[in-house]
Amino acid sequence: MKTLVIAVHPTMSQSRINKAWKERMQKEESVTVHDLYAAYPDFQIDIEQEQKLVQDHDRIVFQFPLYWYSTPALLKQWQDAVLTYGWAYGSEGNKLHGKELLLAISTGGPEEAYQRDGYNYYSISELIKPLQAMANLTGMKFLKPFLFQGVMGISDEQIEHGAEEYVAHALNASMEPIGK
Ligand SMILES: Cc1cc2nc3c(=O)[nH]c(=O)nc-3n(C[C@H](O)[C@H](O)[C@H](O)COP(=O)(O)O)c2cc1C
């Protein structure tokens, strides 16, 4: 199984979590790591190149820090540009059918903030529904996301441990898709 990690962070050099995740993933032979902001700092996405990259892999990982309860802007731009009619959806748009989508998300807010009596009220599962709906429409299997939460002020050891957990989760070959 070939895995493509699309790592999305607007200031990767200042990142603690996503940078550690990216560097750890780069050690895996079966994984292609694609740093989206490094490739397209001007947001001018090469659609053909991106579609080819996705088609060459079986599992696609979107790795990003939660920004305003959503993805960083370039990942939204990537979806808008790359997931075209006739390629990703529409009667002949079947290029993503059967592929797997896995989200790996770091959040500043702790897990308990993302529930009804927490200060964010909504769960992560609710907030990521647009990405899950995208997977549904394009025929991708939506896998259990990897969440790393409450990251402010955590130690280097915790980050290192988290990176190992991330790799184990994201490369687990026998994961069942989760329901709607
Ligand atoms: C513009 C911006 C928006 C953010 N929005 C959220 C948010 O909606 N929820 C949250 O829990 N954390 C939010 N954060 C915190 C980031 O998710 C957190 O700093 C990041 O996951 C840490 O990962 P890193 O070390 O890779 O940057 C935000 C941070 C920035 C800079």
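A residue counts as exposed when its relative accessible area is over 50%, and as buried when that area is under 20%. Keep those two words in mind as you look through these close-ups of a predicted model.

**View 1. Helix α7 has a buried side and an exposed side.** This helix covers residues 156-170, 15 residues in total. From its first C-alpha to its last it reaches 21 Å, close to the 21 Å expected at 1.5 Å a residue. Look for the exposed residues Glu 157, Glu 160 and Ala 168, which sit on the face of α7 turned away from its buried side. The buried residues are Ile 159, Gly 162, Ala 163, Tyr 166, Val 167, His 169 and Ala 170. Viewed down the axis of α7, these buried residues fall within an arc of 160 degrees, so they line one face of the helix.

**View 2. The buried residues of α7 meet several partners.** Which elements do the buried residues of α7 pack against? They pack against the strands β1 (3-7), β3 (59-65), β4 and β6 (146-149), and also against α1.

**View 3. Helix α6 also lines up its buried residues.** In this helix, residues 129-138, you can find Leu 131, Gln 132, Met 134, Ala 135 and Thr 138 buried. Seen down the axis of α6, they fall within an arc of 155 degrees, so they line one face of the helix. Pro 130 and Leu 137 are exposed on the other side of α6. What covers the buried residues of α6? The cover includes β3, α4, β4 and β5 (141-142).

**View 4. The largest pocket is lined by 19 residues.** About 370 Å³ of space lies in this pocket. Pro 65, Tyr 67, Gly 108, Val 151 and Met 152 are the lining residues that lie nearest its centre. The elements giving two or more residues to the lining are α1 (17-25) and β4 (100-107). How many residues of each class line the pocket? There are 9 nonpolar, 9 polar and 1 charged residues.

**View 5. A search of the whole structure finds 1 cavity of 30 Å³ or more.** About 40 Å³ of space lies in the largest cavity. Its lining is made up of Val 54, Ile 60, Phe 62, Trp 78, Leu 83, Leu 96, Leu 101, Met 134 and Met 140. Sorted by class, the lining has 9 nonpolar residues, no polar ones and no charged ones. You have already met Met 134, one of the buried residues of α6.

**View 6. Phe 43 and Tyr 69 each have a positive phi.** Here is the background: most residues other than glycine have a negative phi. Phe 43 is not a glycine, yet its phi is positive, about 65 degrees. You will find Phe 43 in the loop between α2 (36-39) and α3 (47-55). With a relative accessible area of 29%, Phe 43 is partly exposed. Now turn to Tyr 69, in the loop between β3 and α4 (73-82). Tyr 69 has a positive phi of about 60 degrees, although it is not a glycine either. Is Tyr 69 buried, partly exposed or exposed? Tyr 69 is partly exposed, with a relative accessible area of 37%.

How values were computed. Residues are numbered from 1 along each chain as its sequence is written. This is a predicted model: local features need pLDDT of at least 70, side-chain atom pairs count only at pLDDT 80 or more; totals for chains, interfaces and linings use all residues. Side-chain values use heavy atoms; hydrogens and water are left out. On a 1 Å grid over the protein atoms alone, a cavity is a set of points where a 1.4 Å probe fits but cannot get out, and a pocket is an open set with protein on both sides within 12 Å along at least five of seven lines; lining residues have an atom within 4 Å of a point. Grid points are joined across faces, edges and corners, and a volume is the space filled by probe spheres set on the points. Helices (H or I, at least four residues) and strands (E, at least two) are DSSP runs, numbered from the N terminus. Ala, Val, Leu, Ile, Met, Phe, Trp, Tyr, Cys and Pro count as nonpolar, Asp, Glu, Lys and Arg as charged, and the others, Gly among them, as polar. The expected span of a helix is 1.5 Å times one less than its number of residues. Buried means under 20% relative accessible area, exposed over 50%, partly exposed in between (1.4 Å probe, protein chains only). The arc is that of the directions from the helix axis to the C-beta atoms. Contact means heavy atoms within 4.5 Å.
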